[in-house]
Amino acid sequence: MKLPQIPFYKKYSLIFRAIVIGGALGLIYAAISDAGSGYEYLRLLPGMLIGISIGFILITFEKSLIRLNNYSFIGAMILKALIYSVNIVMFLLFFVVVFAELLGHLTYREALDQYIKERLFEDFIFSLGASIFLILFLEISSLLNSQFFYNYFTGRYHRPMQEERIFMFVDVKSSTTLAEQLGDILYSNLLQDLFNDFTDAILASRAEIYQYAGDEIILTWKTATGLKDQRCLYCFYLLKKSIQKKEGYYLKTYNIVPKFKAGMHTGTAVTTWVGKVKKEIVYHGDLLNTASRIQCKCNDFNHDFVVSEAIKNVLPQNLPVTYTHQGEIQLRGKANLMQLYTVDFNF
């Protein structure tokens, strides 16, 4: 039995995007300026190296400078851009020496003197501007995933479209009690940590995050994507493992280990864009209401994972899991009875 893994391109997607965009900016800079004009056929190479260095340095330093995020966004962005730019200039000075040695036109001292006099200031300003651009790009990427841009620019979902989808509603257990015990600020920090720690499991299972709704996170898959390698089913197991690995941190920080429950259902949903002031892709239909109601049954069954018969029937029957039939259940607001099952993983 093989659990879903984070694909290589997903794990390092931000690094690749930052380096590619940085390299493209560097090429544009070299093409419209006289940067690298002394290197003849290699004149575009210094600009590209500048851009790649900007992307690489930005990604390398981003995590180590996370404390700057406590400042205002503008303040943090300016401080980061200055730090990145200084480091980029140090890289550029190194490249000047390397190019001088490779081409042999000038000694490295002459090359450094010439670069400092003729190019250093312009390259620093470009590095500063490109750093600010990439910081903004990373921030926007974290708010709006790549699928958002793809769907928007291709016109997908501009008209309502029916799709076969799987939805999983994941909710924190005893959230009201936890909020009272911890207080609003500490409880908010707990939710931030919890949802952040879910990241690897979500990426591995190829789930899309539809919404964060208070202490609930709503995940969705196109049916083919979710059923492949049983990703939608194993997603819950991976979510649990991700928190088990951090038990020590949660006990030390919050004196509790958060627990959560989930309900999952599959069916047809209507996908479309809504809004003018704020555009958003939304899902309409009975599928979402039913998945939400199924999650609410976790407390009644004293279990943390409940799925519909529709989910059970589309998954292979030889999986290392145990389904326990809970009978025909009347869900709140639903006229028809539903067959529900609790799920236990046998590994």
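**Exercise 1.** Is F167 buried or exposed?

*Solution.* The structure is a predicted model. The relative accessibility of F167 is 0%. Buried means under 20%, so F167 counts as buried.

**Exercise 2.** State how many aromatic pairs there are, and classify the pair formed by F167 and Y283.

*Solution.* The count comes to 15 aromatic pairs. For F167 and Y283, the distance is 5.3 Å centre to centre, with 75° between the planes. Planes over 60 degrees apart count as edge-to-face, and the pair of F167 and Y283 is accordingly edge-to-face. As to position, F167 belongs to strand β1 (residues 161–172) and Y283 to strand β5 (residues 280–284). The two residues are 116 residues apart, and their pair links distant parts of the chain. Y283 has 9% relative accessibility and therefore counts as buried.

**Exercise 3.** Determine the geometry of the pair F236 and F305, and locate both residues.

*Solution.* The ring centres of F236 and F305 are 4.4 Å apart and the planes stand at 20°. Because planes under 30 degrees apart count as stacked, the pair of F236 and F305 is stacked. F236 is found in helix α12 (residues 231–244), F305 in strand β6 (residues 305–308). The pair therefore ties together parts that are 69 residues apart in sequence. Both F236 and F305 are buried. They also belong to a cluster linked by ring pairs, whose members include F195, Y212 and F345.

**Exercise 4.** Which rings have K246 and K312 over their faces?

*Solution.* K246 lies over the face of Y249, 5.0 Å from the ring centre. K312 lies over the face of Y341, at 5.2 Å from the ring centre.

Note on methods: Residues numbered from 1 in each chain as written. Predicted model: local features only at pLDDT ≥ 70, side-chain atom pairs only at ≥ 80, totals over all residues. Heavy atoms only, no water. Phe/Tyr/Trp six-rings, centres within 6.5 Å; stacked < 30°, edge-to-face > 60°. Helix = DSSP H or I, 4+ residues; strand = E, 2+ residues; numbered from the N terminus. Buried < 20%, exposed > 50% of the residue type's maximum accessible area, 1.4 Å probe, protein only. Lys NZ or Arg CZ within 6 Å of the ring centre and 35° of its normal.
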